[in-house]
Amino acid sequence: MAPQREWLEQDYYKDLGVASDASADEIKKAYRKLARELHPDANPGDADAEARFKRVSEAHSVLADPAKRKEYDETRRMFAGGAFRGNGGASGFPGGYTRTSDFGGGGFDVSDLFGGGGASAGGGDAAFGDLFGGLFNRTPRTSSRPKRGNDLEAETTLAFRDAARGTTVALSLTSPSPCTTCHGSGAKPGTSPRVCPTCNGAGVVSRNQGHFGFSEPCSDCQGTGSKIDEACPDCAGNGVTVRTRTINVRIPVGVEDGQRIRLAGQGEAGLRGAPSGDLYVTVHVGSDPVFTRSGNDLKVELPVSFGEIMLGATVSVPTLDGTVGLKIPPNTADGRTLRVRGRGVPKRSGGAGDLLVTVKVAVPGSLGPEALAKLREYADAERADGFRPRDGWGDQ
């Protein structure tokens, strides 16, 4: 990805109020705090707050993405160090331009320096290749047309069973969106943008200076490739206005706590018809009074009586969709886990996990006279049969 020209004039770390070595969590916390303070709903009619809200959102979209942040840091570092600083007519090298022949003989190929000699296509080498590709009349990989809108992040909290079964939630977002008056074109209704006559719609113009060719954004259309004769009165020609919209988000079955769902094209609108960014929704899942989860399996503790685990019984256990009968074999040990296949969390690929039922003996708080009498009889019979629950327990 080629370096973004606007990055050279933006200090995203300053916009978020964090250090340049801030962690991802620090960046996220700073963004959330500022977004709450500057949100248009909290500052109706405050143009300054709205402008800062946009800058903070743009800063977060870059710094929250590890790949974009790395590219941004490399671009800023390269230019801050003077990698493209003119020097009394020199052509962009610290200390002035040096001709190829000055390196002696024919053993040095200038294409090696600017990405033509097998340098890595990633990281800083890619940044230099993109920058100097235009300088030496190589075809640039990106243009200066209106950029794609920023990505947005949102959060929602679901009940445990809704997350397991899947559901649809409505999210209310206030963000830059396509202008409803001009439908994102930026032109006054009844008119249309026209191709820029200076660059013929390319967004860039080329010029020669000595032996070199330069490509730069068209100053007539600011690199957009088109011109608007009459701007839309509601968006001032940007094609974007800040408004509140409701998005219905389909939550797939089996979503887990902390999972992010991507909605392509539901982020901030791009300027003058450029593609919108994406919306990432982080899902938080609440706890359930009955179930816990292990992957696609559901786990539940089933209270049973001593008689049921000794004599065996068939009991009802809850599932996500009603109840199911479970047979408890005679002489089942307390704490044993029984499996009910296919009654767990649905899988997106089809089928479902299992329901894991752990039996737990419930001890009554008190017994009536008849039950106590029967229990004493049972205890006597138990001892007569030779049952000693603590035989060998605690021996050294």
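**Figure 1. The whole protein and its surface.** The protein exposes about 22,800 Å², of which carbon and sulfur atoms supply 49%; accessible areas come from the Shrake-Rupley method with a 1.4 Å probe, and for residues only the protein chains shown count as cover. This is a predicted model, in which local features need pLDDT of at least 70, side-chain atom pairs count only at pLDDT 80 or more, and totals for chains, interfaces and linings use all residues. Residues are numbered from 1 along each chain as its sequence is written, and side-chain values use heavy atoms, with hydrogens and water left out. Look for nine helices and 15 strands; these are DSSP runs numbered from the N terminus (helices: H or I, at least four residues; strands: E, at least two).

**Figure 2. A stretch to view with care.** The predictor's confidence in each residue is called pLDDT and goes from 0 to 100. Its mean for the protein is 80, and 80% of the residues reach 70 or more. Over residues 81–144, though, pLDDT stays under 50. Where pLDDT is low, the predicted coordinates should not be read in detail.

**Figure 3. Serine 57 in helix α3.** Helix α3 covers residues 47–63 and includes serine 57. Why does serine 57 count as buried? Because its relative accessibility is 2%, and buried means under 20% relative accessible area (exposed is over 50%, partly exposed in between; 1.4 Å probe, protein chains only). Beyond its neighbours within four places in sequence, serine 57 touches Tyr31, Asn150 and Glu268, a contact being heavy atoms within 4.5 Å.

Figure 4. Phe306, Met310, Leu311, Leu367, Leu372, Leu375 and Tyr378 make a nonpolar surface patch of about 620 Å². Two or more of its residues come from each of α8 (306–311) and α9 (369–384). Patch residues have over 30% relative accessible area and no salt bridge; like charges are joined within 9 Å, and nonpolar side chains (Val, Leu, Ile, Met, Phe, Trp, Tyr) within 5 Å. A salt bridge is a side-chain nitrogen of Lys or Arg within 4 Å of a carboxyl oxygen of Asp or Glu. Tyrosine 378, in helix α9, counts as partly exposed because its relative accessibility is 37%.

**Figure 5. Strands side by side.** Strands β12 (residues 313–319) and β13 (residues 322–328) pair antiparallel over seven bridges; two strands pair if DSSP finds at least two bridges between them. A hairpin of two residues joins β12 to β13.
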